[in-house]
Amino acid sequence: MADNVTFDAPQAPGAVFFIFGATGDLARRKLFPAIYSLYREGKLTEDFAVIGVARRPRTPSEFHEDVMESIREFSRYPVADEEEWARFVDHFEYKSLDINNIDGFRELREQTEAIERKFGIAGGRLFYLALAPELFGGVSFNLKAGGMLDGPGWNRLVIEKPFGYNLESARELNEQINQVFKEEEIYRIDHYLGKEMVQNIEVIRFANAFFEPLWNKQHIANIQITLGETVGVEERGGYYDHSGALRDMAQNHMLQLLTMIAMEPPSRLLAEDIRDEKVKVLRSLRPFSSSDEVRKNVVRGQYTQGLFKGKTLPAYRQEDKVNPESTTETYFAARVFVDNFRWAGVPFYIRTGKRLPVKTTEVVVEFKRMPTNVYLGQKHNLEPNLLVIRVNPMEGIYVKINAKKPGSESEIQPLAMDFCQSCMVGINSPEAYERLLHDAVRGDSTYFTRWDEVSSAWSFVDKIAEAWQESAGDLASYPAGTWGPVEADQLLAQDGFHWWPVNGQEEDNVVWRVNS
Ligand SMILES: NC(=O)C1=CN([C@@H]2O[C@H](COP(=O)(O)OP(=O)(O)OC[C@H]3O[C@@H](n4cnc5c(N)ncnc54)[C@H](OP(=O)(O)O)[C@@H]3O)[C@@H](O)[C@H]2O)C=CC1
Ligand SMILES: O=C1O[C@H](COP(=O)(O)O)[C@@H](O)[C@H](O)[C@H]1O
């Protein structure tokens, strides 16, 4: 079993965490376990409290039981001994409250003041909205009206995705919460930004002399970003059928990953400097100017019934809470361009899908081929060099180079230098939510999305969604358990490229591994 790795960050200042949606899936699977990890690692000391809020009634002991179950099932750390557990869970309280009930917020205020006194908490209040987005505006308003923002310290609002359905609705939502919270108090979660290897992209790029000089159109042929999932829509069919892959994954996680790969080096590693550079990338994305452009550069697909590892997987239209005639895409791929000096003409191929054969998030940087191949005469077709950043679930970096086959006269073979962080050094990285909660409570917004990033991403995505509305007929299909529609392969083939195998599925001819 891998050792747990802690991230290097100071203790958080004392705070009350309000989890709105405390009886929901996100709280159970991610938020309670993240708070527990922070506590176990000493990043939260005794001056913190958690108040779970939702409509369902819960006695204190029922709520403590919920928290215990969530941690047993999902935490990186096993539940500690009884004494430590009792100390931890004593920090948790529950308030049954409908967010439309203003009186309930007044009661919450009294409960909050009492718990702040109990634990000597003077830092601030962190309001985490693990709720459906249509409730965000109402909660913000009632937090203010109910006096919840008049505490002794700072107030911060952490909002889950999706942030709107398109630019217009995102704007409305933003205006609503801006009536109560200032931009610097708003922490929009994109949990991909909390992933260890996504944060590592910055370091790989800006701390290595041999990457940065090559990181441009002179040397890079194309970049491929894959966010593949094996799962279908699970129990979230109702939400997903309204959203689809474009809004669920591409507008946020995928474009955020792209910004980390494509941004210019910031002059300082401060939140605003990094976010300034990221938003420049989003503004440089070449917009699709017509439906025809969308058709040429974008593929959407939906999974049909498939056979995978001997198991029959249902079609998307057979999933629970999905319209049996749904035209929602479960797969999205596109060729996009970042129109600036660094990236002019370099295609970024991005794809995401449900029910693909492998769960993986990976970035492949394909370098241009050597200007001439002096080995051609000896029947060697040199492979392009690749840099692969494995984000999830495997974490690591893989570089593919060409080298002489040992012992041969001049035979060349591709060589994989594979640093597998998750398997070789016994690392069990912190969960994205641990890091992001900790950052939010410390007031570090680097890995949260700023409004101008969100709105620029929507501007880009809206053009695609609008074109799709005009032509429902171009929805491709793929059997569940396969790599998506063939049209996505053609997207690259037109440019003389192909998708590289992902997640350690070695190409047959790569014979070595050099592990660190
Ligand atoms: N689950 C996940 O993995 C992910 C979720 N998200 C986002 O996080 C948010 C929450 O998702 P998830 O936890 O899955 O949703 P769930 O449907 O599981 O939970 C929703 C929560 O909201 C509470 N709630 C609903 N209406 C009210 C109300 N009027 N007043 C007070 N509480 C209310 C519910 O409790 P009760 O019924 O007791 O009131 C429940 O605790 C969504 O925005 C989602 O898109 C984002 C990424 C991943
Ligand atoms: O935000 C979301 O992300 C998950 C995938 O997250 P990961 O960390 O497991 O890669 C996705 O399943 C879900 O549909 C989407 O809403």
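Before you click on anything, sort the residue types: Ala, Val, Leu, Ile, Met, Phe, Trp, Tyr, Cys and Pro count as nonpolar, Asp, Glu, Lys and Arg as charged, and the others, Gly among them, as polar. This is a predicted model, where local features need pLDDT of at least 70, side-chain atom pairs count only at pLDDT 80 or more, and totals for chains, interfaces and linings use all residues. Residues are numbered from 1 along each chain as its sequence is written, while chains are lettered from A and ligands numbered from 1 in the order in which they are written.

**Stop 1: the ligands**

Now switch to ligand 1. This one is surrounded by 19 residues, and the closest are Gly21, Gly24, Leu26, Arg55 and Arg56. Its shell splits into 10 nonpolar, three polar and six charged residues.

**Stop 2: the domains**

Color the protein chain by domain: domain 1 covers 3–160, and domain 2 is made of 193–249 + 299–432 + 478–515. Those bounds come from an automatic or database domain assignment. Between the C-alpha centres of domain 1 and domain 2 there are 37 Å.

**Stop 3: the open sheet**

Switch to cartoon view. Helices (H or I, at least four residues) and strands (E, at least two) are DSSP runs, numbered from the N terminus, and two strands pair if DSSP finds at least two bridges between them. Look for an open sheet of six strands in the order 4-3-2-5-6-7, paired in parallel. Strand 4 (92–96) and strand 7 (186–188) are its edge strands, each pairing on one side only. From one strand to the next, the twist averages 20 degrees.

Zoom in on strand 2 (residues 15–20) and strand 5 (residues 124–129), a parallel pair with six bridges. Pick out valine 16 and you'll find arginine 125 of strand 5 opposite.

**Stop 4: helix 1 against helix 2**

Show helix 1 (residues 25–40) with helix 2 (residues 60–74): their axes come within 8 Å and cross at roughly 90 degrees. (Axes are lines fitted to C-alpha atoms, for helices over the stretch in contact, and angles run from 0 to 180 degrees between N-to-C directions.) That makes helix 1 roughly perpendicular to helix 2. For the wording, angles under 35 degrees count as roughly parallel, over 145 as roughly antiparallel, 65 to 115 as roughly perpendicular and the rest as oblique.

Two residues are in contact if their C-beta atoms, placed from the backbone, lie within 7 Å. By class, this contact of helix 1 with helix 2 has six nonpolar residues, one polar and two charged.

**Stop 5: helix 6 against helix 13**

Next, bring up helix 6 and helix 13 (residues 451–470), whose axes come within 9 Å and cross at roughly 160 degrees. That makes helix 6 roughly antiparallel to helix 13. Helix 6 brings Leu167, Ala170 and Asn174 to the contact, and helix 13 brings Trp451, Val454, Ser455, Trp458, Ser459 and Asp462. Their contact counts five nonpolar residues, three polar and one charged.

**Stop 6: a hairpin and its neighbor**

Strand 15 (residues 386–392) and strand 16 (residues 396–404) form an antiparallel pair over five bridges, and a hairpin of three residues joins them. Valine 388 sits opposite tyrosine 398 of strand 16. Strand 16 also runs antiparallel to strand 17 (residues 412–420), with nine bridges joining them.

**Stop 7**

Most residues other than glycine have a negative phi, and most peptide bonds are trans. Which peptide bond is cis, with omega about -5 degrees? Select asparagine 392 and proline 393, and there it is; proline 393 lies in the loop between strand 15 and strand 16. Another cis bond runs from lysine 161 to proline 162, with omega near 0 degrees. Finish on glutamate 234, where phi has a positive value, near 50 degrees, in the loop between strand 8 (220–228) and helix 8 (237–262).

Technical notes: Near = placed C-beta within 6 Å.
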